[in-house]
Structure formats: structure tokens, C-alpha cells
Amino acid sequence: ADQISEGLKKYGDLASDGRPILDCTAPQLVEEVMTVSGDNMVFPAHVWTPWFSLFGAFSGFDTVEDCYQDMTKHIHALETGLSSDPPMNWRLSKLDHYALLSNSDCHSFWPWRIGREANVFDLPDLTYNQLTSAIIDNDPERFKYTIETDPAYGKYHWTGHRNCKISLPPAEAIKFSNNCPVCRRKFTKGVEQRVEELADRPADYAPKDMPTYKRLLPLSEIICAVTGTNSPATQTIWKPYNQLIERFGDEYNVLIEAPLDAMAAVVDPAIAQAILRVREGTAKVTPGYDGVYGQLVLGIEPLKVKSKAAAVAKVQQKSMSDFW
Ligand SMILES: [Zn+2]
Ligand SMILES: [Zn+2]
């Protein structure tokens with residue numbers, strides 16, 4: 001790590017923040033890192049995020065090769081980010097030989113944003129080389145699955161105009177030639193439409209012998225939706241959250257394994273029911289568009305929350321804010 005820092009510091013101030021801005025090209029960056037050691041691994045993060053990403057709708061490239069040029073040979077994986085999941089990436093046959101990772105880089109210091117996405121491995125020994133070789137081989141025996149947040153939550157999933165209150169899936173937006181019927185200006189293009197433009201396969205395509213995925217949501221966000229609270233920064237959220245963690249050990253165990261009855265014995269049954277619906281994929285999400293976050297739709301009335309807690313929630317940030 002010290003050698004990598006040494007090699008990169010001539011391009012910018014590495015200490016500026018967790019994501020320093022470097023004055024170099026993508027291939028230059030890869031070359032610097034790989035010169036330190038051939039065992040190093042570089043892969044692009046949240047490749048579909050509209051702003052500043054590999055395929056981003058606002059500034060991206062159309063292929064991995066356009067971005068990394070002669071250094072493409074060192075790229076073995078793409079990190080799908082919160083704005084995309086494996087099925088969206090499977091639609092591009094030219095991405096078949098990349099492993100699809102889901103990391104949880106936490107730009108925000110709020111602890112509940114850690115671990116929203118994850119990679120699940122089954123390795124004989126947890127070593128650096130076993131980890132990277134499972135990724136490079138993209139072997140479903142060792143790289144089992146990823147945990148994904150529903151990409152519809154993203155602020156730019158569908159195409160539309162926030163001020164005109166128009167939100168459309170790609171096929172509908174194309175019918176309007178990407179022009180807003182209200183204000184006549186061009187729509188803000190969403191991630192799904194960007195995928196649609198570059199895809200050469202239908203939306204339901206699923207490859208064989210690849211790591212699979214589970215679609216989950218952070219427990220704090222589920223409890224927010226059930227209680228009708230705007231922010232995870234309140235006791236309304238943390239009381240049932242901590243009760244569940246205490247009973248079942250950790251958040252993934254609650255989200256993936258904990259039986260309904262056992263959860264309902266610890267917290268309000270409506271929360272237990274909502275966790276089950278997210279786990280089974282029956283909870284709906286109204287897709288985000290043009291800077292508006294997607295919303296979890298449980299189809300139930302929010303629980304009555306004590307007015308003081310609700311008042312606190314109002315002054316806090318909006319739900320799903322800071323999502324990217
Ligand atoms: Zn990031
Ligand atoms: Zn408009």
C-alpha cells in the first residue's frame with residue numbers, strides 16, 4: 001500500500017479525502033499500480049453511476065476498452081454499485097468475462113450505510129491470493145453471490161424530469177424521443193436507459209455458471225419504511241434494530257435467515273413481515289428518476305410513531321439521501 005501511495009502521490013493530494021482526485025488517465029493509474037506488483041488488482045467502482053463512472057450516462061465510455069485502452073488486460077472485475085445489479089450487467093455480452101463485485105464503499109460516515117452491498121465467498125483459506133483468484137476465475141464455487149440493493153432506489157434509475165413530474169422506463173422514454181411532453185426539453189437519462197442503449201441481450205437474460213445475487217435492503221431502511229420515519233437517525237429505528245441484532249447476531253442473519261415468527265416475537269410483527277417481503281422480493285420499489293430517490297412500497301399503513309420521534313425525523317435528512 002505504501003508503494004502504491006508513493007507511485008500515485010505525484011498525481012494529486014492522496015490525503016484530501018477517501019476519494020482523492022488524481023490528475024492522470026485510467027490506464028496510467030492501472031499501470032502505476034500494476035508496476036508495484038503483478039498481484040495487485042484494480043477494478044472500477046460503481047460503473048453505472050451517472051456522474052464520473054465508467055459507463056455513466058452523463059460522462060461515461062461505451063466500453064471497458066475505451067476507458068482502459070492497453071491496460072484493459074489487467075481489469076478482471078467491475079463493481080456494480082448501488083445503481084446496478086448483476087441482471088443489468090448480464091445484458092451486455094461484452095462484460096461476460098468480468099466478475100461482478102458489489103462493494104460497500106462508505107462515502108458517508110453514517111455507520112448504517114456500511115455493508116449495504118457485499119460479496120460472499122467460500123474459500124479454503126481467507127488469504128489475499130485466494131480472494132483475488134476466486135474473482136479472476138469468476139468461479140461460483142468460491143465466489144458464491146453478491147448482496148445487492150435494488151437499483152430502482154437510485155436517484156437516476158428511470159428517465160424523466162423532476163420538475164415536470166414525469167418518470168418513464170426506457171421504452172416509454174424512447175417513444176417520446178427522449179423529449180419531455182411537458183416542457184419539451186430533453187429528459188435526464190436514467191441508468192436503466194443507459195444500460196438499454198448498450199445492451200445486446202433482453203432484460204431477463206441469466207447466464208449459467210456465474211455467481212448469483214440476493215436483493216436486500218438495509219434493515220434500518222426497512223424499519224424506516226414500516227414506521228413512516230424519514231431518517232435512520234432516530235430511536236424509533238434503533239430500538240427495534242438493536243432488539244433484532246441482539247436476538248439474531250448480525251444484520252445479514254436478520255435479513256436472510258431469521259424466521260418470521262421468531263422476529264415477530266422480538267419486534268412489531270409489521271417489521272418482521274416487511275423484512276420477509278424484502279427477502280422474498282415481493283416488496284415493490286417506485287423507481288427513482290432525475291435526482292429523486294426510489295421508494296419502498298410495502299402496501300401497508302405506517303405504524304403509529306410517537307409524535308416526538310416523528311418530529312425529530314422531520315428535521316433530519318430525507319430517507320435514502322446520500323445514497324450514492
Ligand atoms: Zn463510491
Ligand atoms: Zn420536462
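Student: How many salt bridges does the rule find across the interface of domain 1 and domain 2?

Tutor: A salt bridge is a side-chain nitrogen of Lys or Arg within 4 Å of a carboxyl oxygen of Asp or Glu. Across this interface the rule finds zero. The model is predicted, so local features need pLDDT of at least 70 and side-chain atom pairs count only at pLDDT 80 or more, while totals for chains, interfaces and linings use all residues. Residues are numbered from 1 along each chain as its sequence is written, and side-chain values use heavy atoms, with hydrogens and water left out.

Student: Which residues belong to domain 1 and domain 2?

Tutor: Domain bounds come from an automatic or database domain assignment. Here domain 1 spans 41-216 and domain 2 spans 219-315. To their contact (heavy atoms within 4.5 Å), domain 1 gives 25 residues and domain 2 gives 21 residues.

Student: What area do domain 1 and domain 2 bury between them?

Tutor: The size of an interface is often given as the accessible area lost when the parts come together. Buried area is taken with a 1.4 Å probe and summed over both parts. Domain 1 and domain 2 bury about 1,900 Å², with 63% of it on carbon and sulfur atoms. Within domain 1, Trp-112, Tyr-153 and Lys-155 lose the most area to domain 2, together 36% of what that side buries.

Key:
Chains lettered and ligands numbered in written order. Buried area = accessible area lost by both parts, 1.4 Å probe.
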